[in-house]
Structure formats: structure tokens, C-alpha cells
Amino acid sequence: MTAQFTRRALLRTTAAAAGAGLATRYLGAAPDALAAGSIPNPDTVFYGVYWEPVNLDPHAITDWGSMWMLDNIYEPLVRYQTKQVNGKTVGTAEVGPHLAENVTVSKDGKAYTFRLRQGVKFHSGDPLTADVVKYSLTRMLTVNLGPATLISKFMDPGSITVVDPRTVRVTLKGVCPFFLELLAATNTGAMVNPKTVDAHGGTQPGKFNEWMSRNTDGTGPFKWGQWTAGQQFEFVANDQYWAGAPKLKRVVFRVITDFATQLLLLKRGELDIVYRLPPDMTAQLIGNPDVVISRDNGIGMHQIYMQNRTKPFDDVRVRQAMVYAVDPFAINRAAAFGLATIAQSMLPSGLEGYTPSLWPYKYDPNKAKALLAEAGYSKGLNVSIAFNAGNTEREQTAVLAQAALRNVGVDAKVEGIPWGTFVTNYQDGKMPAFVLSGLELPIVDNYLNNLFHSKSAGAKGNFAFYNNPQVDRLIDQLLGTADPAARKQIITQIQRLINTDVPSVPIYNALLMYAHRSWVKGWVLFPSGNWYFYPVEKRA
Amino acid sequence: MARRLLAVPPIFVGITLVTFLLLHVVPGDPARMYLGEGAQDPRVLAALHREWGLDRPLPVQYVDYLRNLVRGNLGFSIHSGRPVAEDLRHFLPATVELSVLSFVLAVALGVPLGVLSGARVNTGADHASRVGSLLFLSMPSFWFGLIVIYVGYFLLGWLPSPTGRLGMTDTAPSPVTGLYTIDSVLAGDPGAFARALWYLLPPAVTLALPSLGLVVRMLRTSIVEVLSQDYVRTARSKGVASRGVLYRHALRNALIPTVTVLGVQFGLLFSGNVLVEAVFSWPGIGGYLVQAIQWLDYSAVMGCTLLIAGLFVAVNVLVDFTYAVLDPRVHYG
């Protein structure tokens, strides 16, 4: 149609369309239209996000958002499993077969043999073979970003043998009790198509592939669809998926940076799912029959880090006094609307060996005062607590801690610091105390090594610059121990030590929280933070 | 005129220098932002520093930037993962559409209201427009935007969803200019045109209000002043109808200060609609710039600053031309 655009005609169509828009919108807005059970766009989920992926190359991504997203497009040999609890499906941190049909481990715990599932095809049509596995793992080791740096301590490309077209063996250099858990992460275990990668620039150490940063060719239930930067990106169903086509035709990620706008869109049923609205907004949704709040503990801790190298926090009594002085329940109520699980260990609750009964602390201002006096601060103490400006949860935590500390004679200054400066400052140990809540892989060895080993002080994850040679030794010992009973014993020992030393003030377990329309079914949370759209559907 | 244009290149060099210095004064490391919040490998960090030239002295980094800039290379954005030039091309049209429409609204409504107010001082119409314009001027526009969304969209359902340029299930017209209103016309799709305008309207009105208030107030003051001038009295005594006096004699002269303000306003509409863009999820330069600043994304911030500065310079040149058109006494040799 080559419409003649005279000014008058234009005005007429505009007015008519605007009028029609008004009418349909107004009628569509009537609450009973939704209550009547009609679900808008039943084969598409609209997901409100405030972020966009930086990169789609699965072996080069390091941010959680991209990893969780790409796990729907690329798949690993083994993956986190679900279990049934009271008739409900819940995600676990346990790893089981996925693209590998089964995995056998040799007696010495070093050789892993993967038998591949048949009929798995890349989106471009090429089959998954043992050669593909060797290529993908080699590529991950070559790019060597993210957890690859940890896995490369245990294997190199020479460790991978193609036994037959359906069988691959990886022979590790030493025992690695968490090898399969590492392989379950997208940025280590993702299977990529050698033909596609080689046709578009191949692999370079330490770098992503230009073409793959914008295009995908995985084996997963969804393909990458259109991407309009700043506005939306989408998944399109892979109807040829090895386990059958997904129930949804599309998943549309709408970039909505303002949380208040996200909340309104969710309430109106235009968005189906949103991640982690601020607590005050989540509170508005409690009791709303159309919305389900789904939450879980992530592998991480919402905590107040203290700079263990310098005064006053180099004194363990001062650190313990902080733990006694701050009431985690009050902070949970205010900063997380009571939705989080209070910390009862330096370890997050989802990790192997987590033992809450070992936690010796409870809110006790008098004990805090006594410890401070013992440390020579009976006349009071000045500290500062930083948070990244704009993060209300962290700000509330800092402010409540400030109030609690005033009760024990500690004068805390609360500082909001711009994000970029904040990150550099905590990695360089430039802030005496700050509020942070990170996420880690569900691997206790990795968690302890990153957060508590003196070799990780600084950017590698030990932001408290904690240093206890005994703990270092035990962590090193744990990394090479496979026997579950022996591991349990070592983890308990470490837990006792770090609970006593409290390099930071743990408040509550990292909170993974989604709000979704009640018509979204099959949405399951995993401690790793992963989410999968394959089982998701929209129905009443 | 030529002299004015000659001043442009030094202005740009100055802008790059000041922006560059300001960016590097802020403590922080873009490479760490790029690698994320959690644990990082120092070797990877060092490799990134080398690759991005962050390990080199500041003056060398600056000269490198200028050298690339002259070649038309604006660098690479670490937060979007794309070349900055590509990002600017992508995000600019949304901002242009929004700014131009709100500017047109501010002028089209502001000029008549200002004239009315100035010509009928102390009447009911004058009071109403003065109170209104004061309200518009003093109200933060993002706050007004939130009210528009809450009442117009959420409670009443009259306005489009605050989801940027498109509704949930809409698709963009095939891109030619990137301006949805123009592309839809080029594609001969009146429905898409109406939709583009429909989604554009709430943020544009929100953004227009403060400028509208300013235009009304400026123009009212100038009209009142001009109407008391000798030449107006002369025109009146010659027997020119009061309408003619108002439009031919008074308005033309009264517009000069208003045009100056409008020039600045147009530039501000481009750079200052960050918050309005955020509440309406409008995918424009503002949101991109905010992200870039948070990520310490040097190249992207520089690119945005240069673009906005370029617009300011262009608008100022245009304003100067407009003076010459409005006032025959002004001409540039």
C-alpha cells in the first residue's frame, strides 16, 4: 500500500488510531477482563529486566545475568537437578547428567567418562559429538576467563580424550571433588559448535569472539532472537530441541530500568515476571492474588565487610563486638522485608558442610560493649560504613547498623559511594567497612578459597583481607580431599575458625527473589541463581 | 559568521580535554567493572589494562583518544560491548524524536500563551497562565512523569504503557532513519505511525512542561516591556489595529530573548531528559549516558559528551541566524 500522506489524512488516521487505542486500552484495563481467566499472549513470557547482556560468547561471560540467560541457549554436559518437596519442584545445587547421559568416575577419582545423549543437535543442525565436547572444553581452557581459571588447575587440553564418537574421557591431574559442579556453570561447560566458531573467527586466549558476542548457536531449548539495544531482547523456541519443543514460543526481555515502572507493569499484567524489586515494592505485592513472590537463598551473604588489616578491625574483639551489636533480624525486616534467611554461619546455607549449630553469636549489645572495652575502646570508636549509592538495600543495612552501633558507643559514618569507585575501593581494601552481597558458585571449596584464603585477598574475592594461616592450610587441604566424611570434618574446622574470627558481619543469606504473575507456571529457583524457561508455561 | 565557525574546533578540543580529565579524576577502574562484582583474576585484569591502554600515562591515553577521534573512531563501549559510534547511532533517534516533539509542543503552546498573558496583563487568563507556568517550571519533570504514568496508565488505562517506544507486542517499523515516526511513514504504515506518536506523547508532554513554563514567563515579560516602547505607541497612534501591533511590532521584538532561551532549552532537552527517559523506559542517549557513567565507560561518556556538545554548538549557531531573521539590525559580516 502506498498511502498518500496528505497532512489532513495523517491527522485523521492519527486521531482515529489514538481514539481506538484509548478505547481498547480503557476497556482492556477493566480488572474483570483479567479476572475472567483470559491470559494475554499465552505463548509468550514478558520478563522485565534492568540489565542487558554485555556479551553472548558463553566462554567469555563473567556476569550472572548473562550466565543465567545463556544457560537457556547453550547447555553443559551436567547440570543442576531439581527435586520434589511436598509436591513442589525445587532447584538444588546437586549436579546430574544433562547432555551427558551418564558420567562414570574412576576409582582414583581422576578420570571422568561422559557418555553423550543421542539426537542432540545445535540450532544450526550439526550434531553433538565427542569431538564437539573436546573442542568446547579446549576452547574454555584457551579463553580462560571466569571459573576456567580454577578448572585449569586440574586439567589442560591434553587431559581430554575422545574414546568413541559418543564417549569422552577427561583425566584430571589431581583429584577435584567439585569438577562436575564446575562443569555445570555456563561459562565453563557450555557446548559450542566447532563449525560455527571456526567459521567466525575461532578462539583467542583471554578474549571473546566478536561474532559469538552477538550471535548464538547452542543446543538449548531456545534460540537467540531479535535484540534492540536499550529496549528488548528475546528468545525464540527451538522446536527441534532434543527433549521436545518448549511450551513457550517466545520469551521477551523488556529493558525497564525504573523499578517503580516494573512494578506497575507487573500489577497490570503486562510483565509476567520481574527480578528482585526493592523490598518496599515487593511488600506492596504481598497478598496480591495475581502475583506470586518466589524466593530462595543464593550462594552468598549480605554482609558488612571489615578491613581486617587495619585498626580498629584488625582486633578480633572489635569484629566480634560488631557482630554482637548489630541485630540481623531488624535489618532483615527493614532492608529485605523479612524475606531473607538470617545468617547462622560465615557460610551461606546452601553450601556443603553448612552447620548453623556452630554459630556462637546472638544480638547482645552488652557483650559488644564489654568486648569493645576489652579491646581498649571503652570511650567509644569512630568508623565509617560505605555502600554503593543507589542500592537501597545496602543503604538501609548501613543506616540500621549505624543506629545499632550508636547503642554500644560506636560512632559510624555512613557513606554512599558511586558504583565504579566503590568496586575499585573494596578490591583495593581502601574502605574500613562496607556493605556488599555477592553471589558465588554452589561449590564450598570455591567459596572458601575466594572469600577466606589469604591468597585471594583483594580482587580475587577476599575483600576483608582476612589472613589466618591455619584457615589457609585447611582450605588447601580441602581442595584435594574427595572423601565426604573427611571433607565434612575439614569444613567444620574451617567454619569454627572463621566463625570465631568473623572477618565480616554476616547479616542474611543472599536473597534470590522474583515476583511473577500467578499464571506463570513452572518457574523454579536454583541456589546457583539459574532459571530455565524450558518447563515454563502460562495458564490459569 | 566564518569567525564563529572557526571557534568550533578549539571548543571541541577543550571539551574532550575537560571530559577526559574529569573522567580520570573519579577514582575507579573500568576493567574491574567489566569483570564484574565478584572474584577476579589479577592476570586477566592486567591483560585488560594492557589491551585498553589503561596502564599508560594519562597524556598518552589522551593523545591516543584524539588520534582515534580524528580518524572517526570513537572507541569501544565496555558496558554495551559495541563500538560507541554504533551505540550513538542506535540511541540517538529515540532522543531526537522525544526532544523535537517536546520542543515543538513547548513552542506551539508556549508562544500563544505567553503572548496572551503579556497582552492581557492581570486578567484571569494571565493569572491562570502565570500560575500554570510557574507550576510547570518548578515541578521536577520525572515526578510529573510518574504521576502521568500512575494516573494515566495504571489507574485509568488511558495512556500507553511506559515501555519505551513500543508496547509489549509491537514491532518496530523497518529501520531507515531510526525515527519511528518517519520510518513508519516511509513504510506507508499509518497504524505504526499513530502508534509511534501515541507512545511518544506522554514522555514528550512531560518533558515539554518545564520549557513551556519558561517560554510563557519569558515571553510575557518581554511583551509587557515591548508594549510600553515608543515604537509601539507610534504604531498605535498611526491607527494600526491592536492585533497588528501585537503580532507585527511587539512579538517580533519580544521573541529575541525568548529565542536565546529556547536555544539553550533545546540543548537541555537533549541532555537533561535522563530521568524522564528512565521512568518511561525510553531507550535514548540519556539512559545510555547514565549507564556509561556508572560503568566508568570512558569512550562511551566521551562520545555522548561530544554529541551533546555538538548539538549545543549547532543550536547556538542556529540561534544566531534566527536573530538576523527576526531583527534586521543584526547581521553577520
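## Helix H4 of chain A

H4(A) is followed by A:Asn144, which has a positive phi, near 55°. Keep in mind that this is a predicted model. The helix itself covers residues 130–143 of chain A, 14 residues in total. From first C-alpha to last it reaches 20 Å, close to the 20 Å expected at 1.5 Å a residue.

H4(A) is mostly covered, with 10 of its 14 residues buried. Among them are A:Ala130, A:Val132, A:Val133, A:Leu137, A:Met140, A:Leu141 and A:Val143. The buried list also takes in A:Tyr135, A:Ser136 and A:Arg139. What does the covering? It includes strands S5 (111–116), S6 (160–164) and S7 (167–171) of chain A.

## Helix H13 of chain A

Now for H13(A), residues 365–374, where A:Ala368, A:Leu371 and A:Leu372 are buried. Looking down the axis of H13(A), you find its buried residues within an arc of 100°, so they line one face of the helix.

Just after H13(A) comes A:Gly376, with a positive phi of about 95°.

## The nonpolar core

The largest nonpolar core has 225 residues. Which residues have the most contacts inside this core? They are A:Ala325 and A:Phe434. Helix H10 of chain B, residues 190–227, gives the most to this core, with 20 residues. As a general point, nonpolar side chains tend to be buried together in soluble globular proteins.

Zooming in on A:Phe434, its contacts include A:Tyr305 and A:Tyr426. A:Phe434 also touches A:Ile385, A:Ala386 and A:Phe387. That list leaves out residues up to four places away in sequence.

Chain B has 15 helices and zero strands. Its C-alpha atoms fill a box of roughly 85 × 55 × 40 Å along the principal axes. Of the 333 residues in chain B, 41% are buried. Take the contacts in chain B with a separation of 6 or more: 71% of them link residues 24 or more positions apart.

How many residues does each chain bring to the contact? Chain A supplies 53 residues and chain B supplies 55 residues. On the chain A side, the elements giving two or more residues are helix H1 (7–29), strand S10 (250–255), helix H9 (259–267) and helix H15 (419–427). H1(A) gives the most to that side, with 10 residues. Sorted by class, the side of chain A that touches chain B has 21 nonpolar, 24 polar and eight charged residues.

## An exposed arginine

A:Arg539 sits in the segment after strand S18 (537–538) of chain A. Buried or exposed? A:Arg539 counts as exposed because it has 11 C-beta neighbours inside 10 Å, and the cut-off for exposed is 12 or fewer.

Leaving aside residues up to four places away in sequence, A:Arg539 touches A:Ile39, A:Trp519 and A:Lys521.

Note on methods. Residues numbered from 1 in each chain as written. Chains lettered and ligands numbered in written order. Predicted model: local features only at pLDDT ≥ 70, side-chain atom pairs only at ≥ 80, totals over all residues. Contact = placed C-beta atoms within 7 Å. Helix = DSSP H or I, 4+ residues; strand = E, 2+ residues; numbered from the N terminus. Nonpolar A, V, L, I, M, F, W, Y, C, P; charged D, E, K, R; others polar. Buried ≥ 20, exposed ≤ 12 C-beta atoms within 10 Å, placed from the backbone. Arc of directions from axis to C-beta. Core = buried A, V, L, I, M, F, W, Y, C linked by C-beta atoms within 7 Å. Expected span 1.5 Å × (residues − 1).
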